[in-house]
Amino acid sequence: MKHLLMIALILSFPAIAIAAPPPHAKPLSEIIQYIEARGDVGYFDEIEWDKDGYWDIKFIRMDGKKVKLRIDPVSGQPVSR
């Protein structure tokens, strides 16, 4: 009975589709290299693909300041939020 209840609960929630970067997007490695070329990156804290179709990248600068960027996957350039 517990299994039937679990299955009913799972099926009652709609599936959430997680989109991937478009086929013509720059490779993430190239975007990371571009950011590292700034010269002030201490380390990357978080990199994730957001539901709006951008890379959200958080890194810590050499001086300890946190930086958050939203990157367009096709151009590889930061965009405003």
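Colleague: Quick one to start: does D56 count as buried or exposed?

Modeller: Bearing in mind that this is a predicted model, D56 counts as buried, because its relative accessibility is 11% and the cut-off for buried is under 20%.

Colleague: Where does D56 lie, and what does D56 touch?

Modeller: D56 lies in strand β2, and, if residues up to four places away in sequence are not counted, D56 touches E46, I47, E48, D50, L69, R70 and R81.

Colleague: Let me step back, then. Which elements does the protein chain have, and how do they run?

Modeller: The protein chain has 2 helices and 3 strands, and from the N terminus on these elements run α-α-β-β-β.

Colleague: How do β2 and β3 pair?

Modeller: Strand β2, residues 55-61, and strand β3, residues 66-71, pair in the antiparallel sense over 6 bridges; at W55, the bridge partner in β3 is I71. In the hairpin of these two strands there are 4 residues between them, and G64 takes a positive phi near 95 degrees.

Colleague: Changing topic to helix α2: which residues of α2 are buried?

Modeller: In α2, which covers residues 28-36, the residues I31, I32 and I35 are buried. Seen down the axis of α2, the buried residues fall within an arc of 100 degrees, so they line one face of the helix.

Colleague: And what does the face turned away from that buried side carry?

Modeller: That face of α2 carries the exposed residues S29 and Q33, whereas the buried residues of α2 pack against β1 (41-49), β2 and β3.

Colleague: What is I31 in contact with?

Modeller: Leaving aside neighbours within four places in sequence, I31 is in contact with K26, W55, I57, I71, D72, P73 and G76.

Colleague: Which residues are in the largest nonpolar core?

Modeller: The largest nonpolar core has 11 residues, namely I31, I32, I35, V41, W49, W55, I57, F59, V67, L69 and I71. At least two residues of this core come from each of α2, β1, β2 and β3. Both W55 and I71, the bridge partners from the strand pair, belong to this core.

Notes. Residues numbered from 1 in each chain as written. Predicted model: local features only at pLDDT ≥ 70, side-chain atom pairs only at ≥ 80, totals over all residues. Heavy atoms only, no water. Pairing = 2+ DSSP bridges. Buried < 20%, exposed > 50% of the residue type's maximum accessible area, 1.4 Å probe, protein only. Contact = heavy atoms within 4.5 Å. Arc of directions from axis to C-beta. Core = buried A, V, L, I, M, F, W, Y, C linked by side-chain atoms within 4.5 Å.
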